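Student: Could you show me how to read helix packing and sheet layout in a model like this one?
Tutor: Gladly; let us take a look together.

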Amino acid sequence: MGRRSRRRGQRESAPASTTDYRDAEGNVLTLRDELSAGTLRQLEQLDARPAASAEDRWQRRVELLFERLAVSWEIAGLPLSSQKELLGRYRMASGEERRWIRETLSEHLAERHPDVTV
């Protein structure tokens, strides 16, 4: 069976629903509304694995959630939308930006996935 034949049987999936969050400076972070079953499994595995410290485990958890939920981030009018750009910018974020992201992720998850915490 060729590639075209396989594609014919696939249905077009609807784009995932998203929510925009704006910070005090007007930057916009767009987050996916749903977490996949695979991501939930990864979070459980992350919690079960021994880490260097609780702080290390917490940092990895926040980064994983950001990576899975962030769709785009517009900073000073510059839109970032590729996963590589988003994760790189998150890793270079200032302490204040990281705090805002953690608060935003917490708020977002509390509304949509109350069983998942940051």
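Student: In which hand does H3 cross H4?
Tutor: H3 passes H4 in a right-handed crossing; a crossing is right-handed if the near helix is turned clockwise from the far one by less than a right angle, and left-handed if anticlockwise. Helices (H or I, at least four residues) and strands (E, at least two) are DSSP runs, numbered from the N terminus. This is a predicted model, where local features need pLDDT of at least 70 and side-chain atom pairs count only at pLDDT 80 or more, while totals for chains, interfaces and linings use all residues. Residues are numbered from 1 along each chain as its sequence is written, and side-chain values use heavy atoms, with hydrogens and water left out.

Student: At what angle do H3 and H4 pack?
Tutor: Two packed helices are described by the angle between their axes and the distance between the axes. Here H3 and H4 (residues 83-91) pack at about 145°, with axes 10 Å apart. Axes are lines fitted to C-alpha atoms, for helices over the stretch in contact, and angles run from 0 to 180 degrees between N-to-C directions.

Student: Which residues make that contact?
Tutor: From H3 come Val-62, Glu-63, Phe-66 and Glu-67, and from H4 come Gln-83, Leu-86, Leu-87, Tyr-90 and Arg-91. Contact means heavy atoms within 4.5 Å.

Student: How do the axes of H3 and H5 cross?
Tutor: The axes of H3 (residues 54-69) and H5 (residues 95-112) come within 11 Å and cross at roughly 70°. That makes H3 roughly perpendicular to H5, a label for angles of 65 to 115 degrees. The crossing of H3 and H5 is left-handed. Among the residues that meet there are Trp-58 and Leu-65 in H3 and Ile-101 and Leu-105 in H5.

Student: What about the sheet: in which order do its strands lie?
Tutor: Strands of a sheet pair through backbone hydrogen bonds, either parallel or antiparallel. In this model, four strands form an open sheet in the order S1-S2-S3-S4, with antiparallel pairing. Two strands pair if DSSP finds at least two bridges between them. S1 (18-22) and S4 (78-80) are the edge strands, each pairing on one side only. S3 (residues 70-75) and S4 pair over three bridges, and Trp-73 stands opposite Leu-80 in S4.

Student: Which strands do H3 and H5 lie across?
Tutor: H3 lies across S2 (28-32) and S3, at about 90° to S3. H5 lies across S1, S2 and S3, running at about 145° to S1.

Key
Angles under 35 degrees count as roughly parallel, over 145 as roughly antiparallel, 65 to 115 as roughly perpendicular and the rest as oblique.
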